[in-house]
Amino acid sequence: MKTLVAFLLGTALVALPTTMMAQEKGGVINVATIGEPPTLDPMSSTADLVGIVTQHIFETLYTFDKTWNVTPLLAESLPEISADGKTYTIKLRTGIKFHDNSDMTSEDVVASLTRWTKIASRGKQAVGFIEAVAAVDPATIKITLKQPYAPLTSLLAFNNSAAIIIPSEKQDEPMKDFIGTGPYMLKERKADQYIQLVRFDGYKSRDGESDGYGGARHQYLDEIRFVPVPDPNTRVEAAVSGQYDYVDSIPVESFDKLKASTASQPIILKPFGYPVFVFNTKEGIAKNIEVRKAIRQALSMEDMMAAAFGSADFYTLDGDIYPEAYSWHTDAGVEGNYNVAKPEEAAEALKKAGYNGEPLRILTSRQYEFHYKMAQVAVEYLKLAGFTVDMQVVDWATLTQRRADPKLWDIYITHSPFLPEPALIGSLSTSSPGWWDTPARKAAVDAFTSEVDPAKRVELWANVQKAIYDDAPFMKIGDFNAVSAESTKLEGVDPAPWPYFWNASIKK
């Protein structure tokens with residue numbers, strides 16, 4: 001039987017042997033990231049970079065264990081769900097302190113979840129199903145739904161567009177005070193230089209063993225510094241030389257070079273996820289579905305993946321949103337709509353769609369070098385189809401800001417890990433940049449999210465994938481493996497799509 005989480009086959013939150021029982025506290029690590037995060041408010045952003053940094057500062061009611069099951073974090077236990085699936089009673093852990101040393105109560109949780117439903121794309125995705133969020137007593141909240149909503153606990157567990165819990169009096173938008181309950185707290189942020197986190201001595205870890213993002217969170221390190229290193233080649237050389245303790249997002253062609261290093265070693269997540277071209281369905285030329293389909297018809301996913309990742313050891317051509325190892329796997333809608341690579345036929349379709357030579361604006365970044373390489377190949381195929389292409393290469397923080405304005409772009413290039421719950425896919429939300437909002441989307445997604453029977457949900461996911469191919473709100477390019485680098489002096493860091501550094505320590 002297929003497992004719901006193909007990470008178990010290689011991309012898992014790998015359960016490495018833990019020999020840290022006698023660890024001493026101390027030390028500072030430097031983590032090289034792909035750039036400066038656009039914000040430190042994880043409610044307001046779906047950027048992985050934001051989640052990587054802020055998961056150390058803020059916490060959610062739930063998170064994911066090493067097998068990608070939802071597990072309690074600030075909640076005492078999994079929710080008590082009524083027989084009709086419409087009432088979630090959530091007990092809270094007691095004795096939890098915020099970084100300002102105030103106590104977390106149900107008042108803070110209710111205020112935070114209310115903010116989440118107003119500003120977070122995933123909160124907006126859920127709010128239509130929520131009747132009320134209320135405090136029962138200081139250590140209990142109740143969420144009442146209008147109808148059953150199966151993804152709720154997964155949405156409450158996710159670390160970007162995240163339902164973080166912050167003090168009730170610190171609910172400003174935009175966020176002014178970055179005060180959470182996490183094991184590390186913000187000490188200083190110098191734009192384009194570093195984000196400095198220091199140990200929060202008032203932190204209350206869960207008991208027991210560490211378990212993926214769940215379980216015990218140990219604070220062995222005194223300090224974690226996240227340093228933006230936008231140039232991929234600079235990240236490679238820094239990893240080889242041991243300049244940083246951890247280096248995120250290494251170009252895969254540098255894998256052998258890293259293996260030969262004595263200072264660092266590569267970490268590979270296989271398969272990690274998929275690159276995706278997201279269309280602006282709200283404004284501009286990509287608002288026309290026939291234009292979107294012509295773009296898809298023109299492109300060679302095979303050539304884009306080869307340009308981005310080189311060796312087939314690091315990628316797979318696959319139009320199914322989830323690979324075969326996942327129980328969510330389906331080929332619905334894929335045939336005839338993936339890796340078509342027929343720009344001449346696309347040109348004919350483009351004429352019928354009424355295209356008049358308007359610039360097709362593609363937003364991409366070189367901080368994820370594979371995004372840029374795919375864009376270069378796409379531009380050539382699109383030109384053959386008759387498009388006038390305006391490829392805009394910006395830093396990642398600028399891209400995440402521009403994509404929020406539908407007047408500024410037609411396609412932006414991003415990527416996603418394979419998520420344990422399909423409802424977490426950002427583009428399924430009508431408020432996510434791309435703004436996919438059609439009757440077909442509503443019918444398929446609402447049926448999927450309101451069904452609680454796991455077997456029936458698998459069947460209904462096939463309808464969602466078919467709607468994705470029918471409406472073309474985004475294009476999956478293929479599956480890829482991700483490479484990062486870890487210093488030989490660093491231990492306790494388990495491979496994960498959003499690397500975390502509680503439990504990390506420096507070898508003495």
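**View 1. Separation of domain 1 and domain 2 in the predicted model.** The centres of domain 1 and domain 2, taken over C-alpha atoms, are 29 Å apart. Domain 1 covers 28-225 + 489-506 and domain 2 covers 271-481, with bounds that come from an automatic or database domain assignment. Domain 1 brings 24 residues to the contact and domain 2 brings 25 residues, where contact means heavy atoms within 4.5 Å. Residues are numbered from 1 along each chain as its sequence is written, and side-chain values use heavy atoms, with hydrogens and water left out. The model is predicted: local features need pLDDT of at least 70 and side-chain atom pairs count only at pLDDT 80 or more, while totals for chains, interfaces and linings use all residues.

**View 2. Area buried between domain 1 and domain 2, and the side of domain 1 that takes part.** About 2,000 Å² is buried between the two domains, 64% of it on carbon and sulfur atoms; buried area is the accessible area (1.4 Å probe) that two parts lose on being put together, summed over both. On the side of domain 1 that touches domain 2, helices H3 (121-127) and H4 (152-157) each supply at least two residues. H3 gives the largest share, 4 residues. Helices are DSSP runs (H or I, at least four residues), numbered from the N terminus.

**View 3. Salt bridges between domain 1 and domain 2.** The count is 0 salt bridges between domain 1 and domain 2, a salt bridge being a side-chain nitrogen of Lys or Arg within 4 Å of a carboxyl oxygen of Asp or Glu.
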